[in-house]
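Colleague: Could you take me slowly through the nonpolar core of this model, and then through what lies around it?

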Amino acid sequence: MERVYLDHAATTPPDPRVLEAMWPVFSRDWGNPSSIYLEGQTAHRWLDEARARCARLLGGDPGEIIFTSGGTESDNAAIRGAALAQRERGRGDHIVTSQVEHHAVLHTVEQLEREGFRATYLPVDSDGCVDLAALEEAVGPGTTVLTLMAANNEVGTLQPVAEAAALAKARNPDIVVHTDAVQAAGSIDITPEALGVDLLSLASHKLYGVKGAGLLYVRRGTPWQPQMLGGSQERERRAGTENVAGAFGLAAAMELAWNERDERVAHYRRLRDRLLFELPELVPDTVVTGPVDPDRRLPNNFSCCFRNVEGESVLLGLDMVEVAASSGSACTTGSLEPSHVLTAMGIDDDLAHASLRLTVGKGNTDEQIDYVLEQLPEIVERLRSLAPGQPS
Ligand SMILES: Cc1ncc(COP(=O)(O)O)c(C=O)c1O
């Protein structure tokens with residue numbers, strides 16, 4: 001069997017069409033876009049075009065797009081930039097987020113707490129969905145930033161970002177709302193208008209683009225200040241020579257994702273639903289994590305925990321039969337701490353250590369899913385038979 005890649009939430013294989021679109025920038029038009037001579041201006045035109053395309057796809061204007069190095073940088077810049085700008089305007093120092101955000105968000109908010117800000121981490125229900133009543137209660141006159149992810153990277157839960165944004169703005173019209181749309185892009189409508197947000201983070205490598213490229217959308221007029229200082233690139237909002245090929249690749253990847261969204265989503269859904277509904281039938285004591293309702297989770301995400309088995313061993317067992325999978329988020333792999341997302345959902349530590357995430361992509365096939373559905377029950381059964389306390 002050829003390798004079966006089922007970890008598209010960690011990163012996606014670059015689409016050859018994206019690489020082809022980027023190639024002229026790497027090979028021919030490699031000038032520094034800040035230079036005034038021909039080579040620089042040529043590179044600048046690529047950047048302008050990338051910006052115009054990204055803006056069009058997001059329903060904004062080019063001045064609202066800041067190219068970054070990816071999701072982590074966009075999240076850091078969004079939250080810090082808004083919290084500091086709001087504080088400077090004397091509006092307050094309270095940030096609201098959820099307990100299930102990516103660490104790029106959580107660690108940024110925690111750092112801001114160390115710098116004197118206050119934070120509320122909203123609880124979620126057993127599906128990983130944020131508690132809107134708790135949100136309404138948390139937002140007050142001194143709340144300056146709400147950051148809520150569009151979809152969870154571990155269990156795929158779609159968050160009610162539009163409702164949350166509307167509730168927060170009704171409570172405090174000055175609040176800045178950010179969403180981390182890194183996982184949701186390409187699967188649902190993540191335009192800032194649809195979500196009602198002021199700031200939005202995207203990463204190219206989750207969209208069949210390349211690593212090291214992303215964007216931060218900043219709605220015109222949003223209180224926000226730059227976090228990367230130095231040169232005057234990106235209209236003085238993000239210093240540093242731009243990754244021109246990366247930005248152009250991001251625009252190409254977004255364009256393909258937007259144009260092909262319906263067919264990609266239908267394909268993901270078909271394969272993912274087989275995992276969601278067939279796997280629990282084949283492996284006893286499988287606990288699906290995240291919503292069982294396929295409409296309430298990302299179309300390409302399946303996640304579960306297996307009782308009485310170590311998650312890491314399942315991953316190694318899968319790798320040995322040529323299947324790439326994850327225990328949850330790439331960032332917690334290798335960590336002995338149970339996932340903060342599963343813990344927030346009320347899953348006990350033992351079960352949380354036995355988590356598996358399978359995220360399908362546009363290159364996966366039915367035959368590959370057949371293969372996984374054949375291999376996985378055997379792997380889990382073998383591991384359980386070896387576990388201490390189990391009859392051999
Ligand atoms: C929801 C979410 N936000 C942010 C990130 C970080 O993105 P990047 O790897 O581009 O820094 C990830 C990556 O897994 C993610 O899933």
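Modeller: The largest nonpolar core has 115 residues, and those with the most contacts inside it are Leu199 and Phe248. A nonpolar core here is a set of buried Ala, Val, Leu, Ile, Met, Phe, Trp, Tyr and Cys residues joined through C-beta atoms within 7 Å, where buried means that 20 or more other C-beta atoms lie within 10 Å of the residue's own, with C-beta atoms placed from the backbone. Helix H9 (residues 244-259) gives this core its largest share, 11 residues; helices are DSSP runs of H or I with at least four residues, and strands are runs of E with at least two, numbered from the N terminus. The core also draws at least three residues from each of domain 1 (4-12 + 261-383) and domain 2 (16-259), with bounds that come from an automatic or database domain assignment.

The model is predicted, so local features need pLDDT of at least 70 and side-chain atom pairs count only at pLDDT 80 or more, while totals for chains, interfaces and linings use all residues. Residues are numbered from 1 along each chain as its sequence is written.

Leaving aside neighbours within four places in sequence, Phe248 is in contact (C-beta atoms, placed from the backbone, within 7 Å) with Ala21, Met22, Val25, Trp46 and Ala50.

Definitions and conventions. A residue is buried if 20 or more other C-beta atoms lie within 10 Å of its own, exposed if 12 or fewer, and partly exposed in between; C-beta atoms are placed from the backbone. Two residues are in contact if their C-beta atoms, placed from the backbone, lie within 7 Å.
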